[in-house]
Amino acid sequence: MNFAIDARDLTRRFGSFIAVDSITFDVGAGEVFGFLGANGAGKTTAIKMLVGLLAPSEGVAHVAGFDIRTQRDQIRRNIGYMSQRFSLYADLTVRENIRLYGGIYGLTPAQIAERAATMLDTLGLSANADDLVARLPLGWKQKLAFSVALVHQPKIVFLDEPTGGVDPITRRQFWELIYAAASRGTTVFVTTHYMDEAEYCDRISIMVDGRIAALGTPTELKEKYGADSVDDVFVRLARAPKGEAA
Amino acid sequence: MNLNALRAFVVKEFHHILRDRQTLTILLMMPLVQVILFGYALRSDVRDIRLAVIDPTPDNATIELQSRFLSTNRFRLETISKTPDVIEPLFRRGRADVALVFDPGFASHLRGVDPARILIAVDASDPNTGTTYLNYTRAVIARYQAELNAQNRQVQIVTETRMRFNPTLESVNLFVPGLIALVLVLVSALMTAISLSREKERGTMEVLLVSPLRPQHIIVGKVIPYLGLGFANVLTALLAAWVVFHVPFRGSVVLLLVESVIYTIVSLALGVLVAARTSSQRAAMLTAMLATMLPNALLSGMIFPIASMPAWLRPVTYIVPARWFIVIARGIMLKGVGLTILWRETLILSVMAMLLLAAAMRSFKPRLE
Amino acid sequence: MSNAVDVRSLSKSFGSVKALDDISFDVAEGELFGLVGPDGAGKTTLFRILTTLLIPDTGSASVLGLDVVKDLWAIRSRVGYMPGGFALYPDLSVAENLEFFAAVFGTTVEKGYELIAPIYKQIEPFRDRRADALSGGMKQKLALSCALVHRPDILLLDEPTTGVDAVSRREFWDQLGILKASGLTIVVSTPYMDEALRCDRVALIHGGKILEIDPPRSIGTRYGLPLIAVRGGDRFGLLHTLREFPHAHAVYLFGDELHYTDKRADALPEAVARELGEYVAARGHKDVEAHPIVAGIEDSFMELMGSAPAPTATAA
């Protein structure tokens, strides 16, 4: 089968501490996959392994068909990444940021110009192309950052809390961008602290203490745990005493 | 002020300093490394030293020693004369770097009871190279003497030195007070500016401002730990200078430390002023470097003598704190003089300290704007 | 005067950016008051004025009956303030941070222990751990303990739950509930709309303006248009179909549903729901369920936000 991501018994230790404890999951091509978990549950470590920033202690995983141990370069060319903390250079203009990332991913100047025009048009930012990113409202920044993460048309895009602090309308516009990307076949791997956003995902996993405590569609999980919302499922799992959750 | 709050503040600052191992190591090693680097850098390697030899009674010993000089490849014979009156014009015209003046009957003295004498005259108009010339000359003579002694001949060669044009200059000695000034300003101004702007960036400054602490409390709390660090740096620099280069210390250590405290307060106040006017750590660091380190290094007389500066620049040096501190430190360390001589410089520094401290307190707003 | 906070016609600009635009509200003693809005709405500027860190351009504000400009020092010893991003010293341990802030406010950890105990006890097992090695939830608890240790008369919390997971956020609000029960006045800001339900009253704030102030449960009652929840398979496709409906005012994703607002203020919600069901069914969406609902805070916020002019640049 053709998975965008498949991870088998992926484990990462730091000394005696097991940050990620034998997680197994897969993400289908074009799927919107929500990767949830409490602070310190191991989400960040897992993502770092998947994007090739951190070597796993044990286990295997493939991202876009490439081995995360041996084919890091190929992985990096085939993924996009955006986080709340770092995405765009605030002291560059909108156009300069697009040009920079296009250049980093080896697009030709003609390709960059063409994609920049499409992107600015789609986002309604054409009039602001020469504004410094620092001057944009947060919501615009995040939408732009997402589009820039897709500039090289990656197979998979990793989004780490992309909507933190963003107003509710812009958050929804952001999710519409996500859906649009998914409908074009891009796989979206997203983390969030907004539980209503978890409901927007095709499938979600919930990490507790380094392990995947639950995995399925939002509907399946709510049925399984007899909960009204993913928020309830999340709180139930994450509040469970250690050991019980798994 | 509430003493508990002050104590807690100082303890906190010490924790910051002690836990940032990399920075602490750099700060503590800096005086040591600077003294050693500057000290050796000053003794630059020189070749092709032009030698004038005054040999009233040439004998096998004087000829042997001359050839020793020439075989080092460092010395080049400029002239040989029987009378010393050629030296003066040679030096004046810059035709010779070192003159070697043998006593009459050098060889016979070597065999006899009286010591054999050589006068070494050095062109020390550039003190650094002058010192280097002298050291090479002495080394050649010392090796010759050691070889003779190894042949069981108890000989004694006494050298006498004349530093022409710059008779007392020992550059390392002169440099150490300047280095202390530089290290103190670096640690005090730079580190205070950085640590204050770090509180701003972390957001902790907001909480401190909202607390009952007054701006002056925050400043005092910030300043005390760095006074301590400055003290440690002065001691390290002095120790390094004494152990490695045998720089003398003729005056009162206590007086020097007291003067260092005054000078450190000046630098700390400058650091606070810089932090008040910059909004990021990076800007604070660069401003502190430009505003304090450069003038203190370049306009203080530490590297370039003030007397040789253009007339319009000389008055500018009056507002450079290090200028006064260097006079004080040189006076205490090299001349062994006390406050009776140095009161004027001390007064100027103290006034500077008070004015800058007042300005620092004023610049430090109790609000965010 | 029984108001813990009194804000009258407050404005504040930074250069050309209006961070606060003629804001007025009050907070009663013992109230848990929420300021709900996204980043850049002006929440932080408001907190900085209330904590005497900034001077307003126009208007006035008082905290505990004290003027934020004139009574600078009197206010400062009586407020507990937690700035956004948890102002902690990363290189100091949990205990050292707490002891430091206690000393700065002229007290000791022992004296304030009773008040902070319910929160601090949860992180006390890690008292020797450096603050930078704490998880987001633990940092938040430590920062709250530090803000409380001098037993302030009012607690001002600027986005205490940002970047913290859903579980820690719930625990945090439970703790605020306990503090409120002890009589403490609390003003707290958050970008999470769902948290507003835990407040006595909330002010919806956006673009430097207050959109509405009400108890959280009654905010939705002012929603003047029919609101329909729509549930069905292909959400993305359904979203676009609904937007094409001639009377559509706004359609948003909402958890596992879509929220549809109709333009016709006087239309019967049940009738609208039925109409919608037929409309989407005719366009190939199967098993779609639509029913009228009462607006929540987020619905109201989006509606009010949509009618307010959007900000053109971020505030500080």
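This is a predicted model: local features need pLDDT of at least 70, side-chain atom pairs count only at pLDDT 80 or more; totals for chains, interfaces and linings use all residues.
# Questions about sheets, helices and chain contacts

Residues are numbered from 1 along each chain as its sequence is written, and chains are lettered from A and ligands numbered from 1 in the order in which they are written.

Me: What makes E6(C) and E7(C) a pair?
Reply: Two strands pair if DSSP finds at least two bridges between them. Four bridges join E6(C) to strand E7 (residues 154–157) of chain C, and the two run parallel; by that rule they pair. One place to look is Met82(C), whose bridge partner in E7(C) is Leu157(C).

Me: What is the strand order in the open sheet of four strands in chain C?
Reply: The order is E2-E1-E4-E5, with antiparallel pairing. Strand E2 (17–28) and strand E5 (66–67) of chain C stand at the edges, each with a single partner strand. Strand E1 (residues 3–14) and strand E4 (residues 58–63) of chain C run antiparallel and are joined by five bridges. Ser11(C) stands opposite Thr58(C) in E4(C).

Me: How do you know what counts as a helix or a strand?
Reply: Both are DSSP runs, numbered from the N terminus: helices (H or I) have at least four residues and strands (E) at least two.

Me: Why are H10(B) and H12(B) called roughly antiparallel?
Reply: The axes of helix H10 (residues 253–277) and helix H12 (residues 321–335) of chain B come within 10 Å and cross at roughly 175°. Angles over 145 degrees count as roughly antiparallel, under 35 as roughly parallel, 65 to 115 as roughly perpendicular and the rest as oblique. H10(B) and H12(B) are therefore roughly antiparallel to each other.

Me: Which residues of H10(B) and H12(B) meet?
Reply: Residues are in contact if their C-beta atoms, placed from the backbone, lie within 7 Å. Among those in H10(B) are Leu255(B), Glu259(B) and Tyr263(B), and H12(B) brings residues including Phe325(B) and Ile328(B). By class, this contact has ten nonpolar, no polar and one charged residues. Nonpolar covers Ala, Val, Leu, Ile, Met, Phe, Trp, Tyr, Cys and Pro; charged covers Asp, Glu, Lys and Arg; the others, Gly among them, are polar.

Me: How many residues of chain C are in contact with chain A?
Reply: 31 residues of chain C are in contact with 28 residues of chain A. H10(C) gives the most to this side of chain C, with five residues. The side has 15 nonpolar, eleven polar and five charged residues.

Me: Which helix gives the most to the side of chain B that touches chain C?
Reply: H1(B) does, with seven residues. In total, 24 residues of chain B are in contact with 26 residues of chain C.

Methods:
Axes are lines fitted to C-alpha atoms, for helices over the stretch in contact, and angles run from 0 to 180 degrees between N-to-C directions. Two residues are in contact if their C-beta atoms, placed from the backbone, lie within 7 Å.
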